[in-house]
Amino acid sequence: MSVNIKNVTVTFKNQVRAVDHVNLEIPHGVYGLLGENGAGKTTLMRVLTTVLTPSDGEVYLDGIRYGTGKDEVIRQKIGYLPQELNLYPGLSVQDCLEYLGELSGIPKEECKKRIRYYLEKTGLTNHRKKKMRQLSGGMKRRVGLIQALLNEPEFLIVDEPTTGLDPEERVRIRNLLVDFSEGRTVLFSTHVVEDIAATCSKLAVMRKGSFLYTGTVQALLSRAKGKIWTANVADDTEAKRLEKQYRTTSKQYTEEGMTVKIISDVKPDIDCTQPKITLEDAYLYLMMEKKKQ
Ligand SMILES: Nc1ncnc2c1ncn2[C@@H]1O[C@H](COP(=O)(O)OP(=O)(O)OP(=O)(O)O)[C@@H](O)[C@H]1O
């Protein structure tokens, strides 16, 4: 499965250019799409699902060009979890999924088998008889994910799949996506850096319709090397003093007080050390670096 985006631009009627001449080749496995609100992620995903036709540029799935009369073939290879999804409130989880499976043309027995499997994998087995409207936000999200997985697509596109999930469920869903990506392509869009760090080796970082970065997580981490510092302070008052003086990214309570993370090209003039760089550090460094340009 190969996905190629060539020089794609999306300009809406109100002249907002949500995607601006982007190029990307999405490889096998889980590929992260990270970006702040309004970066253009959802718009790009809607293009990839064939729902939205770009104003300019070309998209290919396994060499098949979008918009050339083969979009139905393309759609059959794709599973999509949109950001907002309201599935038949009056149906039970089981009935809803069976119905969606039928619409996708999955043979009945095979469909039931898959539903059983994915309900188990998403921790929803005991909730299968509940009506959709009775589910919590996190449960609805998981049913939404199952509908995207049900036809076992070669290309799975998931928009914020972990929204509303508690930490345990979040980990469960991340693991499911990694397992599912074996031999497939999964585009995982989020603004939760931790989700990307836990699932992807490659990612694209988007801002204002363009890619600020495309490449490996490792290379992004390397960029921030030597630029992140941690200082231990006694309390929040001291932390606030540092925040005024330096570009800080996070602070955390520790047994001794607080740790403050600072981004600086040179060593700050205080007692500090260089921590192991996280993807969040590297992402924030990238954002700051690009804002300076
Ligand atoms: N149908 C539309 N008509 C006009 N403008 C739109 C439309 N859809 C999105 N936009 C605008 O395009 C830009 C990109 O929006 P998009 O939803 O793709 O961002 P996003 O990265 O998915 O954001 P979020 O993380 O908040 O979901 C925003 O400025 C948004 O207001």
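Domain bounds, as I use them here, come from an automatic or database domain assignment. The model itself is predicted. For this protein the assignment gives domain 1, residues 3-221, and domain 2, residues 226-276. The C-alpha centres of domain 1 and domain 2 lie 37 Å apart.

Next, the core. The largest nonpolar core has 73 residues, and the members that touch the most others are Ile157, Val186, Leu187 and Phe188. Helix α5, residues 137-149, supplies the largest share of this core, 6 residues. Domain 1 and domain 2 both give residues to the core, so it lies between them. Take Val186 as a case. Setting aside residues up to four places away in sequence, Val186 touches Val30, Tyr31, Leu156, Val158, Leu177, Phe180 and Ser181.

Now the sheet. Four strands are arranged in the order β2-β1-β4-β5; this is an open sheet, and the pairing is antiparallel. The edges are β2, residues 17-26, and β5, residues 64-65; each has a single partner strand, so one side of each is left without a neighbour in the sheet. In general, strands of a sheet pair through backbone hydrogen bonds, either parallel or antiparallel. Strand β1, residues 3-11, runs antiparallel to β2 and is joined to β2 by 6 bridges.

On to the ligand. Which residues are closest to the ligand? They are Ala18, Asn37, Lys41, Thr42 and Thr43, out of 14 residues that surround the ligand. Helix α1, residues 41-48, gives the most to this shell, with 3 residues. By type, the shell divides into 9 polar residues, 4 nonpolar and 1 charged.

Last, a single residue, Lys267. Lys267 sits in the loop between β13, residues 258-263, and α10, residues 279-292. Is Lys267 buried or exposed? Lys267 has 12 C-beta neighbours inside 10 Å, so Lys267 counts as exposed. What does Lys267 contact, leaving aside neighbours within four places in sequence? The contacts are Trp229 and Cys272. Ile228 is 39 residues from Lys267 along the chain, and the C-alpha atoms of the two are separated by 8.8 Å.

Definitions and conventions. Residues are numbered from 1 along each chain as its sequence is written. This is a predicted model: local features need pLDDT of at least 70, side-chain atom pairs count only at pLDDT 80 or more; totals for chains, interfaces and linings use all residues. A nonpolar core is a set of buried Ala, Val, Leu, Ile, Met, Phe, Trp, Tyr and Cys residues joined through C-beta atoms within 7 Å. A residue is buried if 20 or more other C-beta atoms lie within 10 Å of its own, exposed if 12 or fewer, and partly exposed in between; C-beta atoms are placed from the backbone. Helices (H or I, at least four residues) and strands (E, at least two) are DSSP runs, numbered from the N terminus. Two residues are in contact if their C-beta atoms, placed from the backbone, lie within 7 Å. A residue is near a molecule or strand if its C-beta atom, placed from the backbone, lies within 6 Å of it. Ala, Val, Leu, Ile, Met, Phe, Trp, Tyr, Cys and Pro count as nonpolar, Asp, Glu, Lys and Arg as charged, and the others, Gly among them, as polar. Two strands pair if DSSP finds at least two bridges between them.
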